[in-house]
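This briefing describes one protein structure for a reader who is new to the subject. Please examine the sequence and the structure below before reading on.

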Amino acid sequence: MTWDAFVALSLLAMVASFTPGPNNALVAASAVNFGIRKTIPHILGISIGFSLMIFLVGLVLGALFEQSVLLRETLRWIGIVLLIYVAYKIATSGGLGSSNSEPRPFTFLEAAGFQWINPKGWSMSVAVTAQFASGAQPVFAALVVSFVFGVLALASTLSWGLLGQGIRRFLTDDVRLKWFNWTMAILILACIFLVLD
């Protein structure tokens, strides 16, 4: 990978990572509701899970997705349904846990697994790997793309988590917290429209 391609990749990854999306909205909501310390597994799950996903897409799944519209669309719609469910849970219960238990933040494995059905994640993975993870050294290129996105995903989600933690004191009032949770739920729903054609 040339230096120019690396710079372009880094800028693209920065914009994609720091702009609002399902992961960032979920992390901010988690930090508001549970604190940054309890949100760290969620943050690490996103960073490592998305990085692994980009690596594997760069090696194998990108070509499979290009050949199978049914597979791509099935995963896309599963992700959309899950995002609607998560938005509903945030808006109505104030947390991310199941309705028959206390609200809780995502675990590391839940956050890492969510990457595989996150429509924005799939869109970015396929688009980016098609541009940057090809050429004479596909494994090395996939590793570079994966590393860049992993580092920037960690920086982004940590920033959104710290933002959530910072406004947590302001949201100690139940009415303000409810408005915040509804806002995050609407932001997640808005992300769905960005991936719909």
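What share of the contacts in the protein with a separation of 6 or more is accounted for by residues 24 or more positions apart? Such residues account for 81% of them, where contact means heavy atoms within 4.5 Å. The model is predicted, so local features need pLDDT of at least 70 and side-chain atom pairs count only at pLDDT 80 or more, while totals for chains, interfaces and linings use all residues. Residues are numbered from 1 along each chain as its sequence is written, and side-chain values use heavy atoms, with hydrogens and water left out.

**Overall architecture**

- The protein contains 8 helices and 0 strands; helices (H or I, at least four residues) and strands (E, at least two) are DSSP runs, numbered from the N terminus.
- Read from the N terminus, the order of elements is α-α-α-α-α-α-α-α.
- Of the 197 residues, 47% count as buried; the term buried stands for under 20% relative accessible area, exposed for over 50%, and partly exposed for the range in between (1.4 Å probe, protein chains only).
- The accessible surface of the protein is about 10,000 Å², and carbon and sulfur atoms hold 72% of this surface; accessible areas come from the Shrake-Rupley method with a 1.4 Å probe, and for residues only the protein chains shown count as cover.

**Helix 2**

- Helix 2 is largely enclosed by the rest of the structure, because 13 of its 13 residues are buried.
- The end C-alpha atoms of helix 2 are 18 Å apart, which agrees with the 18 Å that its 13 residues should span at 1.5 Å a residue; the expected span is 1.5 Å times one less than the number of residues.
- After helix 2 comes G35, which has a positive phi, near 95°.

**Nonpolar cores**

- In soluble globular proteins, nonpolar side chains tend to be buried together.
- A nonpolar core is a set of buried Ala, Val, Leu, Ile, Met, Phe, Trp, Tyr and Cys residues joined through side-chain atoms within 4.5 Å.
- The largest nonpolar core has 26 residues, of which L26, I90, F180, M184 and I188 touch the most other members.
- At least two residues of this core come from each of helix 2 (22-34), helix 3 (36-67), helix 4 (69-93), helix 5 and helix 8 (174-195).
- Another core, of 17 residues, lies apart from the largest one, and its members include A13, F50, F132 and L152.
- Leaving aside residues up to four places away in sequence, I188 touches A25, L26, L83, V86, A87 and I90.

**Buried residues and their contacts**

- Q115 sits in the loop between helix 5 (108-114) and helix 6 (119-132), and this residue is buried, with a relative accessible area of 0%.
- Residues up to four places away in sequence aside, Q115 touches N23, I46, G49, F50, M53 and W122.
- N118 also lies in the loop between helix 5 and helix 6, and N118 counts as buried at 2% relative accessibility.
- With residues up to four places away in sequence not counted, N118 touches P22 and N23.
- The C-alpha atoms of N118 and W77 are separated by 9.6 Å, although these residues are 41 residues apart along the chain.
- V144 belongs to helix 7 and is buried, with a relative accessible area of 15%.
- V144 touches M1, F6 and L9, when residues up to four places away in sequence are not counted.
- V144 and M1 lie 143 residues apart in sequence, yet 8.5 Å apart in space, C-alpha to C-alpha.

**Surface features**

- I40, L44, I48, F108, L109, L154, L158 and L162 make a nonpolar surface patch of about 660 Å².
- Helix 3, helix 5 and helix 7 (138-166) are the elements that give two or more residues to this patch.
- Patches are made of residues with over 30% relative accessible area and no salt bridge; like charges are joined within 9 Å, and nonpolar side chains (Val, Leu, Ile, Met, Phe, Trp, Tyr) within 5 Å.
- L109 is located in helix 5, and its 65% relative accessibility makes L109 exposed.
- A salt bridge is a side-chain nitrogen of Lys or Arg within 4 Å of a carboxyl oxygen of Asp or Glu, and by this rule the count is 1.
- This salt bridge joins the side chains of R104 and E110 (2.7 Å, N to O).
- R104 is partly exposed at 33% relative accessibility, and E110 is partly exposed at 32%.
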